[in-house]
Amino acid sequence: MSELAGRVALVTGGARGLGAAAAKALAAKGAKVVVSDVRDGEEAAAAVSGAYVKHDVTSEEDWIAAVKFAKDTFGGLDILVNNAGVFWMKPLPMETIEDFRRMQQINVEGVFLGLKHAIPAIAERAHQWDGGGAVVNLSSVAGIVGAPNLIAYNASKGAVRLMTKSAALEFAPQKVRVNSVHPGIIDTPMMADAAKVIEATTGQGSNTIRTQFASRHPLGRMGRDIDVANAVAFLASDAAAFVTGAELVVDGGMTAI
Ligand SMILES: NC(=O)c1ccc[n+]([C@@H]2O[C@H](COP(=O)([O-])OP(=O)(O)OC[C@H]3O[C@@H](n4cnc5c(N)ncnc54)[C@H](O)[C@@H]3O)[C@@H](O)[C@H]2O)c1
């Protein structure tokens, strides 16, 4: 229950979806949680008796302020979950350079800034914990395998996968572990939005689309937010003390094929 007692976690994009679920899983293990998001996250923060800070992950100023907020509010920082991200599918000829860059700005630069500004704070007291400090980056199965119409997202999540390994090696001497999680298709607002776009462009009904999403996983269903949140909480905890630079797929077997 109190596996993470004394730890302070910052979860980006924590207002909804996988971020809100990760915040709950970390709080359930006893961590104090800062929920950060560009959208209002007061409700998600209240649900975990945590604190909300408005934070656009593309802004270096916001990152500096969010890390300071965690320190001022809860006394330090031990865990970062780089979760904030955006998703869309577009055929390559329709993808604009502006949109491509925007996705990299949020999904890649947002993670880069998080590693840069949060790891020094995490390292300050990583020696206190058996498992050291921890960063968990939300990549995707799309960071491991390609898919059509996913050029910008594939690029961004592939980058997150290897930035994870780079940071893991750089900060191992300071006892900060850095790992990535690679979800399949998880039932969150992000995927509900994607389903609506598919519905509008193909005319397929939402049940058909959900069935198609489910059938992509050998386990025969879409993922639930708790499936991913449990993996995040494991990697953040001392149970993963010897795990760094690793990629944990949570994809119902999708990439085992
Ligand atoms: N849902 C899935 O199927 C799935 C699969 C693989 C990976 N992922 C990844 O998991 C993460 C969370 O996905 P989700 O499904 O919960 O998405 P979501 O859209 O439901 O939630 C994402 C949150 O990130 C926030 N966000 C977006 N841009 C931001 C910015 N610039 N600064 C701060 N916050 C910002 C949003 O406000 C939102 O609250 C993302 O990185 C996503 O790419 C999701």
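This is a predicted model: local features need pLDDT of at least 70, side-chain atom pairs count only at pLDDT 80 or more; totals for chains, interfaces and linings use all residues.
Student: Where do I start with the ligand, and how many residues surround it?

Tutor: Start with the shell, meaning residues with a heavy atom within 4 Å. Here 27 residues surround the ligand. The closest are Arg-16, Leu-18, Asp-37, Tyr-153 and Thr-188.

Student: How do the shell residues divide by class?

Tutor: Sort them into nonpolar, polar and charged. The shell around the ligand has 13 nonpolar, 9 polar and 5 charged residues.

Student: Which backbone atoms lie by the polar atoms of the ligand?

Tutor: Look for pairs of N or O atoms within 3.5 Å. A polar backbone atom of Val-57 is 3.0 Å from a nitrogen atom of the ligand. For Asn-83, a backbone N or O atom lies 2.8 Å from a ligand oxygen. Met-190 has a polar backbone atom 3.3 Å from an oxygen atom of the ligand. Then check the cover. On its own the ligand has 830 Å² of accessible area, and the protein covers 96% of that.

Student: Next, pockets. What is the volume of the second largest pocket, and what lines it?

Tutor: Read the volume, then the lining. The volume of the second largest pocket is about 160 Å³. Its lining residues are Phe-112, Leu-115, Lys-116, Ile-119, Met-163, Ser-166, Ala-167, Glu-170 and Phe-171. By class, that lining has 6 nonpolar, 1 polar and 2 charged residues.

Student: Which helices supply at least two residues each to this lining?

Tutor: α4 (97-124) and α5 do. α5 gives the most to the lining of the second largest pocket, with 5 residues.

Student: How many cavities of 30 Å³ or more does the structure hold?

Tutor: A cavity is space where a probe fits but cannot get out. The structure holds 1 of 30 Å³ or more. The largest cavity contains about 40 Å³ of space. Among its lining residues are Val-57, Asn-82 and Asn-83. α4 provides the largest share of this lining, 4 residues.

Student: Where is Asn-179, and why does Asn-179 count as buried?

Tutor: Asn-179 is found in strand β6 (residues 176-183). Asn-179 counts as buried because its relative accessibility is 0%. Now find the side chain's partner. A polar atom of the Asn-179 side chain lies 3.1 Å from the backbone nitrogen of Gly-245.

Student: What about a loop residue: where does Ala-240 lie, and why is Ala-240 classed as buried?

Tutor: Ala-240 sits in the loop between α8 (225-236) and β7 (247-250). Ala-240 is classed as buried because it has 0% relative accessibility. Ala-240 and Gly-132 are 108 residues apart in sequence. Their C-alpha atoms are 9.7 Å apart.

Definitions and conventions. Residues are numbered from 1 along each chain as its sequence is written. Side-chain values use heavy atoms; hydrogens and water are left out. A polar contact is a pair of N or O atoms within 3.5 Å; within protein, one must be able to donate a hydrogen and the other to accept it, and residues adjacent in sequence count only if both atoms are side-chain atoms. Accessible areas come from the Shrake-Rupley method with a 1.4 Å probe; for residues, only the protein chains shown count as cover. Ala, Val, Leu, Ile, Met, Phe, Trp, Tyr, Cys and Pro count as nonpolar, Asp, Glu, Lys and Arg as charged, and the others, Gly among them, as polar. On a 1 Å grid over the protein atoms alone, a cavity is a set of points where a 1.4 Å probe fits but cannot get out, and a pocket is an open set with protein on both sides within 12 Å along at least five of seven lines; lining residues have an atom within 4 Å of a point. Grid points are joined across faces, edges and corners, and a volume is the space filled by probe spheres set on the points. Buried means under 20% relative accessible area, exposed over 50%, partly exposed in between (1.4 Å probe, protein chains only).
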